[in-house]
Amino acid sequence: MHNLTPKRLSKNLPFWTTLQTQTHPLFFSSPMAKIRPGKRDLDAYTIRGTNKVVRTGDCVLMRPSENDSAPYVALIEKLEADNRNNTKVHVRWYYRPEESLGGRRQFHGSKELFLSDHYDVQSAHTIEGKCIVHSFKNYTKLENVGPEDYYCRFEYKAATGAFVPDRVAVYCKCEMPYNPDDLMVQCEECKDWYHPACVGMTSEQAKQLADFVCSDCSSEDVKKSLNTYAAFPLSNGKGEPKRQKR
């Protein structure tokens with residue numbers, strides 16, 4: 001029986017390195033070597049046991065090598081079948097933060113993924129379902145985040161551990177990149193965002209604020225009328241703390 005569980009054996013090697021280590025250079029010497037008789041590209045594939053159809057460019061959940069692990073996430077590059085109707089899927093893997101060389105950090109959201117330069121070929125039978133990997137901007141605009149929703153704001157070089165881009169905007173006094181899982185409040189004056197804990201309040205207190213002015217923006221006179229959290233309601237009564245997603 002063939003083992004249909006994906007194995008990312010070359011997770012620390014880029015695709016071109018994998019080819020060099022697995023394929024003899026002589027195989028590239030003749031144009032005829034590129035012909036693969038009996039194989040054909042497919043426009044779509046129906047996930048086994050479901051009525052869900054996936055195509056090139058879709059993101060999918062794939063069976064992990066360990067049963068108690070979260071499913072792998074991959075971008076479909078190509079679908080192909082051989083003369084025995086065995087379907088293979090060419091994928092580009094997404095990595096979770098804990099799978100990267102630097103590990104998971106405070107600003108990494110629970111649904112964050114990195115698009116890696118690790119390419120692979122797997123049996124299509126290992127596809128378990130479809131998912132959506134949003135851009136970071138689009139993800140923060142979602143009203144409701146479902147189990148199938150993920151986001152990506154970095155590309156990841158598996159061989160070196162480098163990220164693209166290597167710099168992102170930071171917020172709050174702690175100068176950390178934005179984690180859409182964390183509650184933040186926006187200063188009405190400077191428009192910067194702050195974690196409640198960084199300005200001396202709890203999340204519950206932040207949710208009850210009508211408006212917020214940070215200590216750097218509030219004048220000495222205003223400070224006297226503020227509570228210990230440097231926040232005060234304005235007469236228009238509008239405004240609310242930053243939601244978990246923006």
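How many bridges join strand β6 to β7, and do they run parallel or antiparallel? Some notes on that and a few other spots follow.

1. This is a predicted model, where local features need pLDDT of at least 70 and side-chain atom pairs count only at pLDDT 80 or more, while totals for chains, interfaces and linings use all residues. Residues are numbered from 1 along each chain as its sequence is written, and side-chain values use heavy atoms, with hydrogens and water left out.

2. To the opening question: β6 (residues 87-95) and β7 are antiparallel and joined by seven bridges, with V89 opposite Q122 in β7. Strands here are DSSP runs (E, at least two residues), numbered from the N terminus, and two strands pair if DSSP finds at least two bridges between them.

3. On β7 (residues 112-123), ten of the twelve residues are buried, meaning under 20% relative accessible area, whereas exposed means over 50% and partly exposed lies in between (1.4 Å probe, protein chains only). β7 also pairs with β9 (residues 149-157) in the parallel sense, over five bridges; L113 has C152 in β9 as its bridge partner.

4. Two backbone angles deserve a friendly look. Most residues other than glycine have a negative phi, and most peptide bonds are trans. N85, in the loop between β5 (72-81) and β6, has a positive phi near 65 degrees and is exposed at 53% relative accessible area. C172 has phi near 70 degrees, yet C172 is buried at 8%; its place is the loop between β10 and β11.

5. V164 and P165 are joined by a cis peptide bond, with omega about -5 degrees. P165 sits in the loop between β10 (162-164) and β11 (185-186).

Terms used. Helices (H or I, at least four residues) and strands (E, at least two) are DSSP runs, numbered from the N terminus.
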